[in-house]
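Have the viewer open as you read.

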Amino acid sequence: APAPASPPAAEGKRMELSEAGGDIGAAIARHKKPEEYTALDISKNGLTALPEAALGLRGLTELNVSENKLPSLPDLGALPRLQEIDVSDNALDTIAWAASAPACTKLLAFKCSLKEFPATCCQLKDLDELNLFNNAILKVPVEIGQLTSLRELNLASNKIMQLPAGSLDGLTQLRRLALYWNRIVRLPSFAKLADLEELQMNSNNLMELPEFGTHPVLNDINFQKNNLTAIPDGVFLPERFPALAAVEFGSNGIAAVPPELGRLPALTKLSLAENKLTELPATLYQSKTLTFLNIASNHFQSLPPVLGSLKGTLVTLFMADNRMTGLPPCLVEFGSLLRFSVKGNPINLDNAEVKETYDKVQQLVKSKGPEHKFMGL
């Protein structure tokens, strides 16, 4: 006779004690059948130590101790199934205990007191998400490349100046990389990050772009507020960036835009505000997908009539604080235009043709109802 089927595993229970107050350890101990609990939330309780009773929940896969006052955590070896750990917003200055949680796939430790990248994290071979946002980390070890399962890495809002050469080569499954609000002056190669979808590098000290490769699913890049003076030709080739939709290079010192940016087949948003541009490449005006263009605070004296080629797609056009004395008459044909800014330009409204164009564009945008945004002189 066949062996009887095993009973289905009981669905894990969540123990929700966030903002519970009182003796959290006693509250945990009062729960019967601790082996049935797979998630424990004891956030926002002012804890200065992890209650010993928590280590008795051996079936835990999720532990949330965020927004407490924990200076450290004990060895977590008593919780062998632990996969998701949130220790954010505590007083932790080390994550030495991470080595005792080898099954961890998600580690959130943002807004703590870390001054060094926790080397123990590099031992977590199954780690899928690592968030160390808003600490005081100065350096990233080359061993970070051992996290070959990592899909999301957030090291933003630290004090990092550079990443070692080759340190990202092993992160071939990385989807999202956030390094904004640091002090980075140089980046390693991104050539092997073929699965990258989002790259946030704004507010650093970069003087040049990193080496790129072919990135078939990368759709969003942000290099705003750096020290870039050029976007080199041959970097953003359409065949290498077929999905790139949002490109942000505002607040740099860029004087020219390479023509291949205009050929990106998925480009919808281009932000080039606060640079030193006087013109855009002709290819950009031929885009069939561009809906957002921000060229505010540059050195434009005019825009060419070919701007009219964007009349069927462009929804937002910001060109404030340039040196324009007139407006392209083709703007009155932009039926899709919803947001428009021309303030801060020396537009000559004494010129009858310019005044007529200005009035018609204003009427066109404001006719779109409450969602419109017209910022005139």
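Rings of Phe, Tyr and Trp (its six-membered ring) count as a pair if their centres lie within 6.5 Å; planes under 30 degrees apart are called stacked, over 60 edge-to-face, and the rest tilted. The structure holds 12 aromatic pairs. This is a predicted model, where local features need pLDDT of at least 70, side-chain atom pairs count only at pLDDT 80 or more, and totals for chains, interfaces and linings use all residues. Residues are numbered from 1 along each chain as its sequence is written, and side-chain values use heavy atoms, with hydrogens and water left out.

**Aromatic pairs**

Here are two of the pairs.

| Pair | Centre to centre | Angle between planes | Class |
|---|---|---|---|
| F212 and F241 | 5.7 Å | 75 degrees | edge-to-face |
| F236 and F249 | 6.0 Å | 75 degrees | edge-to-face |

F212 lies in the loop between β9 (198-200) and β10 (220-222), and F241 in the loop between β10 and β11 (246-248), so their pairing ties together parts that are 29 residues apart in sequence. Strands here are DSSP runs (E, at least two residues) and helices likewise (H or I, at least four), numbered from the N terminus. F212 counts as buried at 9% relative accessibility, and F241 does too, at 0%. Buried means under 20% relative accessible area, exposed over 50%, and partly exposed in between (1.4 Å probe, protein chains only).

F236 sits in the loop between β10 and β11 and F249 in the loop between β11 and β12 (269-271), so this pair joins parts 13 residues apart in sequence. Both F236 and F249 are buried. Ring pairs link F190, F212, F223, F236, F241 and F249 into a cluster.

**Charges over rings**

A charge sits over a ring if NZ of Lys or CZ of Arg is within 6 Å of the ring centre and within 35 degrees of the ring normal. The charged end of K13 lies over the ring of Y37, 5.9 Å from its centre. Likewise, the charged end of K269 is over the ring of F292, at 5.1 Å from the centre.

**Helix α2**

Helix α2 (residues 352-366) has 15 residues and spans 21 Å from its first C-alpha to its last. Which residues of α2 are buried? They are V354, T357, Y358, V361, L364 and V365. These cover an arc of only 130 degrees around the axis (taken from the directions from the axis to the C-beta atoms), which puts them on the same side of α2. On the other side of α2, A352 and Q363 are exposed. The buried residues of α2 pack against β15 (339-341) and β16 (373-375), where contact means heavy atoms within 4.5 Å.

How values were computed. The expected span of a helix is 1.5 Å times one less than its number of residues.
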